[in-house]
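Keep the structure in view as you read.

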Amino acid sequence: MLNLTINGQAIQVPRGTMLLDACQMAGADVPTFCYDPQLHLAGSCRMCVVEVQGRHNLQASCVTPCVDNMVVDTESPATVEARKIILELLLARHNINCHVCEKTGECKLQDYCYRYGVDDSRFAGEKGHFTSEDPNPFIERDYDKCIMCTRCVRACDEITGAQAISVKDRGHHAKISTVFDGKLADSTCVFCGQCIMVCPVGALSSKVSMNKGRAYQCEKVLTTCTYCGTGCTLELNVKDNQVVGVSSNRDPVYSPVNQGALCVKGRFGWDFIHSEDRLTTPLIKENGQFRAASWEEALDLAASKLKSIKTEYGPDSIALFSSARVTNEENYLAQKMMRAAIGTNNVDHCARL
Amino acid sequence: MANEKRVLLEYADQIDPRKAEDYIKVGGYKGLEKARSMNRRDLIEEVKKSGLRGRGGAGFNAGMKWSFVPQYADTKYVVCNFDEGEPGTYKDRIICEKNAQALLEGMAICATAIDSKQGYIYCRGEYPFMVKLLNDAVQSAKASGALGDFDIEIRMGAGAYVCGEETALIESIEGHRGEPRFKPPFPGVSGLWSQPTVVNNVETFACLPYILTNGADWFAGIGAASYPGTKVITLTGDIENPTYFEVPTDYLLRDVIYKLGGGIKDGKKFKAVQVGGTSGAFIPEQNLDTPIDFDSMAAIGASLGSGAVLVLDESRDIVDVVTRISKFFEHESCGKCNPCREGTWRCREIMERINAGKACPEDIEKLTVLSRVMKNAALCGLGQAAPIPIDSTLKYFKQEYSCKLITL
Amino acid sequence: MTEYQVIIDGCKNLKGGIIEAFHALQDKYNYIPAEALREAARQFGVSEAEAYGVATFYSYLAVEKRGRYVIRMCESAPCHVAGADELLKEIETALGIKTGETTADGKFTLELAQCVGQCQATPVITINSQPYFNVTKEKLKEILADCK
């Protein structure tokens, strides 16, 4: 074990612990932008710098291994000055329109500016001009709000494996980009939206949820995705009894299967819930026209038709094609019905296609 | 040239750097022979004892650096940093043009010490002709048998000053964007392709054959005690003899300018000198009687760095020169960390405003705080050093800034 | 195999050598054509986005078509104090283009460079990486005339 003193408090940590974790154990709230426990370390945003006695420069705590007898101050004057200046530098390039920004209320840039009292940037000069039109239906990309933490690049590579984006150019011209800075739809992007999940600011947001409600206005209802049998956990964002979006719950306790990662359907394909096209009662077709029916009537009709087909053509003239969108138990019952009640092995499932 | 002490450049223009035979005729590859006869620990001790320190930005003891390489690893690499990007610097090119075989021998000595079979020379993209020369030199050395089973491959950079930073250089050899890695882990433990790697520059490697041949004590006796040996320096700017020299490290800066350099061009007066390249501090007249060695330079808030010496005469506009330098750093920042990516941009903006006579005293305060944060919090040496020219000129030439400010 | 593939194939044995492949492509085309970049990404097993990120990181790599002669004016401090700004204006006037542009006939591209390590003879320009020393207004005319 290593002995450290953090903000005057003595703590012990196992060898190999990173300083950021040690600070958190000691109860210090160290701000971070680029740090993400699910992703490889970048050490680039420098917000997590802390003062370590005897070290020449401030240390980025997320990439600094703990050493025995370290004495650390997480809010020293030099540390606070560095964080404030970094925030001012980011503000100077930022498209500040918090009043209409989707991320207001859950934006790290906003939170840290509030925390450190950074109301304006003394470095205001030329702004970035990074954003270009991307007409995809899902992901809004406003790189004039980007803070270059590269969490999206790492998530795209390390969580999804799509490798659709990287960093192009260098210096302050550097920006997140697909190959040849083209549209996402022309890239290897699968529109899973993991980039939105990890983006700490308003640079990436969901077009589907746009203008439908801010994070703090929504109740988050933990549920399981209905699209397939994987069983991903997601949060339905509910405002005024309407689902207005889906967000990730990255806590492995609540989201053991996917730890927040979703696919395009789970993250963006929730608009069917309140769709007017959605069926709410069974329909029976008579003379080429559908009419509403009760479940009892519909099931009786289906059962009698199946029976008559079986009698006339034999059980193997019937097949059942089951869906990934129903539960395992329902799938089990479906094949049981075919084998036991109908008497055929003609059972298949969309997941095999 | 009087006052020079030529070790690395003793046979300049007398031997063909491409040909191992030429080099062997003047005593070349004797040091490697000796190194191979020693056990590895003694070899590293010998290099440590010589006091050889890196001829680049950090001035780290070379033998010490090698001693960090773990012995258990199967693959280890020797990497030569030939990415001398500091404006005003061309000493590594001169060493290669005059004595490339000494570099190869030095790398092979390092390979012997750390038990490596593969070396890389990362040559800056501005020198494609040097890639050719080095390839010929390696071929000749291999054919002569001098290198034994140690192979050296030349890789070419593509115009990125930041790749002079050892981890950015490693990233570039691996085929990535030249963005520095955070340290630790240091390359000695996990470097090229995550294997233990020693990175030294051309001049550092080229000293080794002479240390091995003549002994550590001989080397330690040359120049300044804490930074022994010779240093190849390149003189540029308003100087009569804008060329290169090899001098002992206790040589005085004043003598560099007035003895070797022949004084200020056209009989003008001296104003300032920037040592170590564009990331170095500007030094005023009052500090000229300082030896050029690493520690003496550090003591006056400057750095020896690459050994580039840019001399400015009395007619030069310091603010204009520093404005240009700030544009250099804006251009060369890799963009990975916030303080450097955004800071170099804003430094250039403010410097241009001052230079154009459109700035007010608050702009100087902004520069000062920005520079402090960049030094304290940037990820690598580039961002930490970028404000040094601004700071040093604000310290010694404040008047030149003041007279350009708008005061109400 | 296409010409691109042959060039890239020549670097395939260099571990991580995508930058070497880019250099080889530029030796032939003076820039990295889009299809060649995609092919290089495939050969070296990196994503296209990453290959593009690498190609745009380095000043000496270009993903847009350039002239047959790429002229670079060094603008670092030693060349700056030797009159780089004035010389740059001369070059712009002589070629009738601004920095960053290519002449209409596709012959010249003018770029700025940071130090090219030839500071013994400032100001320095390079044409396709070949340095020219102590360049003056008069010398410039000869140098450009020699570019056929």
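Q: In which sense, parallel or antiparallel, do strand 1 of chain C and strand 3 of chain C pair?
A: This is a predicted model. Strand 3 of chain C covers residues 125–127. Strand 1 of chain C pairs with strand 3 over 3 bridges, and the sense is antiparallel.

Q: Which residue of strand 3 of chain C is the bridge partner of C:M73?
A: C:M73 belongs to strand 1 of chain C. Its bridge partner in strand 3 of chain C is C:I125.

Q: How many bridges join strand 1 of chain C to strand 2 of chain C?
A: Strand 2 of chain C spans residues 108–113. The two strands run parallel. One bridge pairs C:V70 with C:T109. The number of bridges joining strand 1 to strand 2 is 6.

Q: Which residues of strand 1 of chain C point the other way from C:Y69, C:I71 and C:M73?
A: Strand 1 of chain C is mostly covered, with 6 of its 6 residues buried. Both sides of the strand are therefore buried, as a residue counts as buried when 20 or more other C-beta atoms lie within 10 Å of its own. Opposite C:Y69, C:I71 and C:M73 point C:V70, C:R72 and C:C74.

Q: Which residue with positive phi follows helix 7 of chain B?
A: The phi of the residue in question is near 90°. That residue is B:G175.

Q: Which element gives the most to the side of chain B that touches chain A?
A: In this contact, 27 residues of chain B meet 29 residues of chain A. Helix 12, helix 13 and helix 14 of chain B each give two or more residues to that side. The most, 9 residues, come from helix 13 of chain B.

Q: What percentage of residues 78–117 of chain A is helix?
A: UniProt, in an unreviewed entry, lists these residues as "domain: 4Fe-4S His(Cys)3-ligated-type". The end C-alpha atoms of this stretch are 16 Å apart.

Methods. Residues numbered from 1 in each chain as written. Chains lettered and ligands numbered in written order. Predicted model: local features only at pLDDT ≥ 70, side-chain atom pairs only at ≥ 80, totals over all residues. UniProt positions renumbered as here; feature names shortened; annotations may be inferred. Helix = DSSP H or I, 4+ residues; strand = E, 2+ residues; numbered from the N terminus. Contact = placed C-beta atoms within 7 Å. Buried ≥ 20, exposed ≤ 12 C-beta atoms within 10 Å, placed from the backbone. Pairing = 2+ DSSP bridges.
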